[in-house]
Amino acid sequence: ISECLVGSEMCIRDRVNTKYQEVDQLKKKITENEERINKTETILAAQKKELAERKDYAKAHLKALQKSEDDRDVLNTILSADSLSDLLSRVYTLTILQDADNQNMTDLATSYQKMVTIQKHLEESKAALDKQKKDLDQQTADLQKQVDQMKKDLSQSQKQLADISTVSYTHLRAHETLANIV
């Protein structure tokens, strides 16, 4: 019986150690997710800053176009060419400038979409982290209940072992006394 109780005690300790390892693994995952969230927040902040700068540039450029009556300036630039080659050169230059403006607007839209995607990923990561923390809290509470129950079982097992030892010792003394009497 005492071997059985010792084996039971070892089994209880193994189960408790396993549960503690599971909790440690969950804590490690939570830490990794927090680090990933912090990194994503840094990227998002940089993306927002870049987007704000591009947006400000686009606003300033559009305001400048409205104030300068750019259509007339473009037409005057083309019409004031001295020769056919100068005209082609001016048209080519204006096309390059227009393409650069168009590319800037495309880049602005792309940056905005990228920021939205990062923001969405960040929110999903935070939700997953919150869930992991709740799961960890629940598992920790469950583990504590199991540990308390195991301690109670262990205490009862130790008491039974002590009772068995006392009974065995008393039984042995009784046999010794009987042998001395006979």
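**A close look around Asn33**

Mentor: Let's start with Asn33: apart from its neighbours within four places in sequence, Asn33 is in contact with Leu129 and Gln132 (contact is defined as heavy atoms within 4.5 Å). Before we go on, please keep in mind that this is a predicted model, in which local features need pLDDT of at least 70 and side-chain atom pairs count only at pLDDT 80 or more, while totals for chains, interfaces and linings use all residues. Residue numbers run from 1 along each chain as its sequence is written, and side-chain values use heavy atoms, with hydrogens and water left out.

Asn33 lies in helix α1 (helices, H or I of at least four residues, and strands, E of at least two, are DSSP runs numbered from the N terminus). With 10% relative accessibility, Asn33 counts as buried; the word buried is used under 20% relative accessible area, exposed over 50%, and partly exposed in between, with a 1.4 Å probe and protein chains only.

Now move along to Glu34. The side chains of Glu34 and Lys133 meet in a salt bridge, 3.1 Å from N to O (a salt bridge needs a side-chain nitrogen of Lys or Arg within 4 Å of a carboxyl oxygen of Asp or Glu). Glu34 belongs to helix α1 and Lys133 to helix α3, so this pair ties together parts that are 99 residues apart in sequence. Both ends are partly exposed: Glu34 has a relative accessible area of 29%, and Lys133 has one of 33%.

Lys126 is partly exposed at 37% relative accessible area, and Glu41 is partly exposed at 31%.

A search of the whole structure finds four salt bridges. Another one of them joins the side chains of Asp86 and Arg90 at 3.2 Å, N to O. Asp86 and Arg90 are separated by about one helical turn, because they are four residues apart in helix α3.

Next, the nonpolar side of the story. Val16, Leu44 and Leu136 touch the most other members of the largest nonpolar core, which has 18 residues (such a core is a set of buried Ala, Val, Leu, Ile, Met, Phe, Trp, Tyr and Cys residues joined through side-chain atoms within 4.5 Å). Two or more residues of this core come from each of α1 (2–68) and α3. Leu136, leaving aside neighbours within four places in sequence, is in contact with Val23, Leu26, Lys27 and Ile30.

Val116 is placed in helix α3 (residues 84–181). Its C-alpha atom is separated by 9.6 Å from that of Lys48, 68 residues apart along the chain. Val116 is partly exposed, with a relative accessible area of 35%.

Finally, step back to the whole protein. It has three helices and zero strands. Among contacts between residues at least 6 apart in sequence, 88% join residues at least 24 apart. Buried residues make up 16% of the 182 residues.
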